[in-house]
Amino acid sequence: MAACQLILDEEDVYEDPFKDKRHGLGPTEVPTMTYTEPGLPITTIEIPAAAPQKIYESLLQQLFTAQGVIVLRCLGQTIWDKDLYMAMNVMFAELLEAADSRPTFIVNIAKGEIRSHMMAFVAMSDVCLADPESSFGFPEVRVGGLPAPLTVALRKRISDDNVRKMITDGKPIGAREAQRIGLVDFVGDVETELSRIIFKNCKPKVTNVMYRPDCEKAWKAQRGQ
């Protein structure tokens, strides 16, 4: 992996940090200290849509404890149940609050038909990757359901006019339209794009630290050769 270079000026330090590291070095060599910063940890959570409430309570705890990158994968479809729907509105309000309060980087993978409360994971994500065949919508509004917590959370991604349209007519929108209005960030090969995001954020960062007086001395020696 390519290392970053950091050159310290004399005013950056109280004393010479390399005073014990120059022994045996040639005139064009520069003493270096190397620091390796670990990459972000990654957690992948698979979320069954038609799951009992205790599964979502477990998910809530995971959101409160996970660090770094969180990859969310929604599985399956929900079944309309008015009483359960109202209870899950409260649960999803807590999930959205937990995601918003933590310094994590959430990636949502959207495949297939993303409906009803599963839209919450699109809303809470920092990056949403969508398969070209995926679609998004709130069909429950046609039978009296109102995804109240999501109407607020979706404002993080799309305009009030688009939120209003989605929760008024209940019609699904395709992946390209979702990308156009800002609901998703990427449409295409989601696994390849996820790999790129993981590589960028989760690989260790190596930094080589040098001291400017040593660098200037080596540069002069190189010019004199």
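A polar contact is a pair of N or O atoms within 3.5 Å; within protein, one atom must be able to donate a hydrogen and the other to accept it, and residues adjacent in sequence count only if both atoms belong to side chains. Helices (H or I, at least four residues) and strands (E, at least two) are DSSP runs, numbered from the N terminus. The model is predicted: local features need pLDDT of at least 70, side-chain atom pairs count only at pLDDT 80 or more, and totals for chains, interfaces and linings use all residues. Residues are numbered from 1 along each chain as its sequence is written, and side-chain values use heavy atoms, with hydrogens and water left out.

Helix H2 spans residues 82-101. H2 has 20 residues and reaches 29 Å from its first C-alpha to its last. That is close to the 28 Å expected at 1.5 Å a residue, where the expected span is 1.5 Å times one less than the number of residues. Several residues of H2 are buried, among them Tyr85, Met88, Phe92 and Leu95. Here buried means under 20% relative accessible area, exposed means over 50%, and partly exposed lies in between (1.4 Å probe, protein chains only). Asn89, Met91, Leu96, Ala98 and Ala99 are also buried. The buried residues of H2 pack against helices H1 (53-65), H3 (119-124) and H4 (148-153), and against strand E5 (105-110). Contact means heavy atoms within 4.5 Å.

Serine 116 lies in the loop between strand E6 (113-115) and H3. Its phi is near 55 degrees, a positive value in a residue other than glycine. Serine 116 counts as buried, at 7% relative accessibility.

Aspartate 185 sits in another loop, between helix H6 (175-181) and strand E10 (186-187). It is partly exposed, with a relative accessible area of 39%. Leaving out residues up to four places away in sequence, aspartate 185 touches Asp126, Val127, Cys128, Arg157 and Gln179. Two polar pairings involve its side chain. A polar atom of that side chain lies 2.8 Å from the backbone nitrogen of cysteine 128. The side chain of aspartate 185 also makes a polar contact with the side chain of arginine 157, at 2.8 Å. The C-alpha atoms of aspartate 185 and alanine 130 are separated by 7.8 Å, although the two residues are 55 residues apart along the chain.

Three strands form an open sheet in the order E1-E11-E2, with mixed pairing. Strands E1 (4-8) and E2 (33-37) stand at the edges with a single partner strand each, so one side of each has no neighbour in the sheet. Neighbouring strands are turned by 25 degrees against each other on average, direction ignored. E2 pairs with strand E11 (residues 205-211) in the antiparallel sense over 5 bridges; strands count as paired if DSSP finds at least two bridges between them. Within this pairing, methionine 33 stands opposite valine 209 in E11. Helix H8 (residues 212-224) packs on the sheet, touching E1 and E11. Its direction makes about 75 degrees with that of E11. Axes are lines fitted to C-alpha atoms, for helices over the stretch in contact, and angles run from 0 to 180 degrees between N-to-C directions.

A salt bridge is a side-chain nitrogen of Lys or Arg within 4 Å of a carboxyl oxygen of Asp or Glu. By this rule the count is 12 salt bridges. One joins arginine 22 to aspartate 214, with the closest N and O atoms 2.7 Å apart. This pair links distant parts of the chain: arginine 22 is in the loop between E1 and E2, aspartate 214 is in helix H8, and the two are 192 residues apart. Arginine 22 is partly exposed, at 27% relative accessible area, whereas aspartate 214 is buried, at 9%. Asp16, Arg22 and Asp214 are linked in a network of salt bridges.

Arginine 73 forms a salt bridge with glutamate 191, the closest N and O atoms being 2.9 Å apart. Arginine 73 lies in strand E4 (residues 69-75) and glutamate 191 in helix H7 (residues 190-202), so the bridge ties together parts 118 residues apart in sequence. Glutamate 191 is partly exposed, with a relative accessible area of 29%.
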